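Please look through the sequence and the three-dimensional structure shown here before reading on.

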Amino acid sequence: MAPNAVLFDLDGTLMDTLPDLADATNAMRADMGLRALPQDLIGTYVGKGTPVLVQRALANNPSGTVPGEDAFKQGLASFLDHYQRLNGRRAQLYPGVREGLAAFREAGLKLAVVTNKPTAFTPPLLAQFGLSEYFGAIVCGDTCECKKPDPLPLQHACSLLGTTPAHALFVGDSVNDVQAARAAGMPVLAVPYGYNEGKDVRNLEVDDIVASIADAAKWLARQSQISRQ
Ligand SMILES: O=C(O)COP(=O)(O)O
């Protein structure tokens with residue numbers, strides 16, 4: 001069935017937000033008496049939402065101990081504080097995002113963002129890059145009871161757009177996006193430049209890998225042409 005909506009992951013798909021996430025993580029680690037970690041390593045902690053990022057970052061400590069409840073709470077509060085200040089400072093749109101979103105819109109598709117990033121940080125980031133107007137729905141990590149890889153946020157975005165998962169396409173960068181899309185019964189494309197918890201996107205169960213959001217729009221146009229033939 002030809003899709004009438006496209007749902008996008010944010011971090012690692014539309015925007016390279018890792019520099020700011022890494023700066024906030026290292027500022028939090030400094031507060032907690034831990035040394036700074038390389039940005040690439042912090043990139044492998046991103047994807048399952050902010051609490052998991054903080055947990056993973058705190059578990060990287062000299063004794064290898066899992067952080068206790070108090071340390072976790074302190075770390076999370078510190079991270080949120082720093083990220084509030086740093087969000088959007090060094091973030092960048094990936095090449096092809098504006099062209100791709102414009103092409104999807106031209107083709108009459110409804111668009112949404114489904115991110116595990118908290119609501120406090122998502123609309124301001126989209127507004128900073130002038131992208132807010134593209135999206136009929138923005139579902140964040142704290143919008144629903146569950147985050148990706150649970151399908152609930154994708155199902156919620158579809159209902160906000162007035163469509164169903166069977167009529168939507170998901171575009172993401174990680175195993176969390178792919179598992180959520182599959183569980184929702186939605187076709188899914190992956191971009192290869194994101195985070196994917198440090199693993200190769202070629203091992204993901206996707207319908208295809210596209211080089212950019214602009215290429216995702218071309219992919220969908222091709223599929224629609226084939227299904228009309
Ligand atoms: O906040 C995260 O862990 C990742 O956010 P994303 O779902 O936009 O990739």
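## The ligand between two domains

In this predicted model, domain 1 (5–16 + 92–228) and domain 2 (18–86) both contribute residues to the shell around the ligand, so the ligand lies between them; the bounds of the domains come from an automatic or database domain assignment. Of the 15 residues around the ligand, those that come nearest are L10, D11, T115, N116 and K117, where a residue is near a molecule if its C-beta atom, placed from the backbone, lies within 6 Å of it.

By class, the shell is made up of three nonpolar, seven polar and five charged residues. In this division Ala, Val, Leu, Ile, Met, Phe, Trp, Tyr, Cys and Pro count as nonpolar, Asp, Glu, Lys and Arg as charged, and the others, Gly among them, as polar.

Residues are numbered from 1 along each chain as its sequence is written. Because the model is predicted, local features need pLDDT of at least 70 and side-chain atom pairs count only at pLDDT 80 or more, whereas totals for chains, interfaces and linings use all residues.

## The contact between the domains

The C-alpha centres of domain 1 and domain 2 are 26 Å apart. Their contact takes 12 residues from domain 1 and nine residues from domain 2, two residues being in contact if their C-beta atoms, placed from the backbone, lie within 7 Å. On the side of domain 1 that touches domain 2, three residues are nonpolar, five are polar and four are charged.

## The sheet and a helix across it

Six strands form an open sheet with parallel pairing, in the order β5-β4-β1-β6-β7-β8; two strands pair if DSSP finds at least two bridges between them. At the edges are β5 (137–139) and β8 (208–209), each of which pairs on one side only.

Within this sheet, β6 (residues 168–172) and β7 (residues 188–190) pair in the parallel sense over three bridges, and F170 has V188 as its bridge partner in β7. Helix α8 (residues 175–184) lies across β6 and β7 and runs at about 170° to β7, with axes fitted as lines to C-alpha atoms, for helices over the stretch in contact, and angles running from 0 to 180 degrees between N-to-C directions.

The protein has nine helices and eight strands, which are DSSP runs (helices H or I, at least four residues; strands E, at least two) numbered from the N terminus. Along its principal axes the C-alpha trace spans about 60 × 30 × 30 Å.

The peptide bond from K148 to P149 is cis, with omega near 15°, and P149 lies in the loop between β5 and α7 (152–161). In the loop between β7 and β8 is N196, a residue other than glycine whose phi is positive, near 40°.
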